[in-house]
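Subject: Structure for you to look over

Hello,

Here is the structure I promised. Please open it beside this note; my findings follow below.

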Amino acid sequence: MTPQIAFGEFVLDLGARQLLRAGAPAALSPKAFRLLQALVEHRPKALSKADLHDLLWPQTAVVEANLSNLVGEVRAALGESSRRPRYVRTLHRFGYAFSPDAAPAAQDLSEARAAL
């Protein structure tokens, strides 16, 4: 069973490492996918910029703009802007958080129920 998380018209397929929008793949770089995965898995908890840097670039010095660029890539794939976020919230001077509305995809729920 591949873990999938649904939110809005999106499904984040963790096994296939892809974001689907209305069933079609949405373009995300591997780092942007990992960022989205981390935010979704920790929802609704906010992740600090330092934690995200450690996760995405372990033991590597990068400029803060790299994280901002990845957040922008994720938001573009989700069809949202920083001014009107639906899913990725900015916590100024701290980090980012994902909307708590994401849930296991219906397929995962039906498979889990069938296994009971």
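Some ground rules. This is a predicted model, where local features need pLDDT of at least 70 and side-chain atom pairs count only at pLDDT 80 or more, while totals for chains, interfaces and linings use all residues. Residues are numbered from 1 along each chain as its sequence is written, and side-chain values use heavy atoms, with hydrogens and water left out.

Overall layout

The protein chain has four helices and eight strands. These are DSSP runs numbered from the N terminus: helices are H or I with at least four residues, strands are E with at least two. Along the sequence the pattern is β-β-β-β-α-β-α-α-β-β-β-α. Of the 116 residues, 36% are buried (under 20% relative accessible area; exposed is over 50%, partly exposed in between; 1.4 Å probe, protein chains only). Among contacts (heavy atoms within 4.5 Å) with a separation of 6 or more, 52% link residues 24 or more positions apart.

The five-stranded sheet

This sheet is open, with the order S4-S3-S2-S1-S8 and antiparallel pairing. Two strands pair if DSSP finds at least two bridges between them. S4 (24-26) and S8 (103-104) are the edge strands; each has a single partner, so one side of each is left without a neighbour in the sheet.

S1 (residues 4-7) and S2 (residues 10-13) pair over four bridges. Gln4 has Asp13 as its bridge partner in S2. Two residues separate S1 and S2 in a hairpin, and Gly8 in the turn has a positive phi of about 55 degrees.

S2 also pairs with S3 (residues 18-21), again over four bridges. Here Asp13 stands opposite Gln18. This hairpin has four residues between its strands; Arg17 in the turn has a positive phi of about 55 degrees. S3 and S4 are joined by three bridges, with Arg21 opposite Ala24.

Four bridges join S6 to S7 (residues 95-98). Val88 faces Phe98 across that pairing.

The helices

Axes are lines fitted to C-alpha atoms, for helices over the stretch in contact; angles run from 0 to 180 degrees between N-to-C directions. Buried residues of H1 include Phe33, Gln37 and Val40.

H3 lies across S1, S2, S3 and S4, at about 35 degrees to S3. The axes of H1 and H3 come within 9 Å and cross at roughly 80 degrees. That makes H1 roughly perpendicular to H3 (65 to 115 degrees; under 35 is roughly parallel, over 145 roughly antiparallel, the rest oblique). Among the contact residues are Lys31 and Leu35 of H1, and Leu67 and Glu73 of H3.

Best wishes
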